[in-house]
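Please read the points below with the structure open.

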Amino acid sequence: MAWLLLTLGVAFGSAIVPLVNAELFVVGLCASQHNPHWLWLGAAVAVGQIAGKLLYFLAARGSIRLPRFLHDRLHRERPPSARRDRWHRRTKVLRSKVEALRERCQRHPHWMTGTYGVSSLVGLPPFMATSVLAGMVRMRLVTFVAAGLAGRWVRFSLLAAAPAVFTGWLH
């Protein structure tokens, strides 16, 4: 039980801070411990990851407000500068592509659900980006949670089973 709670915490942390690697933690845990069952570990990681990504989803949707210091930093008026103008020129194409993608996702909500589901399973496109995009296009909360939990559970269950499978092949 302690391993499941620790896994849940690491998964939540990895959803919030992308530098924490849940995949590496799960493989290391399953390679070193024989107690945790791979299905339970997959479920714990799925719940932790979706709970963490839910914060990004709700913030992108506008349901929760960012802390004041972040909100002020993101939305403050800055004086014009040459450096800022160069940055805006360099990122103009990227910003237009993101905006076109957001509009396309709003026109085709099932396409966004499919993209988000594939991202939760495979990791491409990046799961954090699709979580934010799902909030921006106002995906239904039930769809977000259900598709994310299913994809993450399958992904991390298979990952947790991998050390035992490879050990079996070697003997």
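1. Which residues form a positive surface patch? The model, which is predicted, shows one made of Arg78, Arg83, Arg84, Arg86, Arg89 and Arg90. Start by finding these side chains.

2. Take one member of that patch, arginine 89. Helix α5, which covers residues 82–90, contains arginine 89. The relative accessible area of arginine 89 is 59%, so this residue is exposed, the cut-off for that word being over 50%.

3. Now turn to the salt bridge. The count for the model comes to one. Its partners are arginine 155 and glutamate 23, with 2.9 Å from N to O. The two residues are 132 residues apart and link distant parts of the chain: arginine 155 belongs to helix α9 (residues 141–170), and glutamate 23 to helix α2 (residues 22–32).

4. Are the two partners buried or exposed, or something in between? Arginine 155 has 22% relative accessibility and therefore counts as partly exposed. Glutamate 23 has 24%, so it also counts as partly exposed. The class between buried and exposed begins where buried, under 20%, ends.

5. Lysine 53 deserves a separate look. This residue sits in helix α3, residues 38–61. Lysine 53 is buried but has no salt bridge. Glutamate 23 carries the nearest side chain of opposite charge, at a distance of 9.4 Å. A salt bridge would need the side-chain nitrogen within 4 Å of a carboxyl oxygen.

6. What does the side chain of lysine 53 reach? The backbone oxygen of alanine 15 lies 3.1 Å from this side chain.

Methods
Residues are numbered from 1 along each chain as its sequence is written. This is a predicted model: local features need pLDDT of at least 70, side-chain atom pairs count only at pLDDT 80 or more; totals for chains, interfaces and linings use all residues. Side-chain values use heavy atoms; hydrogens and water are left out. Patches are made of residues with over 30% relative accessible area and no salt bridge: like charges are joined within 9 Å, nonpolar side chains (Val, Leu, Ile, Met, Phe, Trp, Tyr) within 5 Å. Accessible areas come from the Shrake-Rupley method with a 1.4 Å probe; for residues, only the protein chains shown count as cover. Lys and Arg count as positive and Asp and Glu as negative; His and the chain ends are not counted. The place of a charge is taken as NZ of Lys, CZ of Arg, CG of Asp or CD of Glu. Helices (H or I, at least four residues) and strands (E, at least two) are DSSP runs, numbered from the N terminus. Buried means under 20% relative accessible area, exposed over 50%, partly exposed in between (1.4 Å probe, protein chains only). A polar contact is a pair of N or O atoms within 3.5 Å; within protein, one must be able to donate a hydrogen and the other to accept it, and residues adjacent in sequence count only if both atoms are side-chain atoms.
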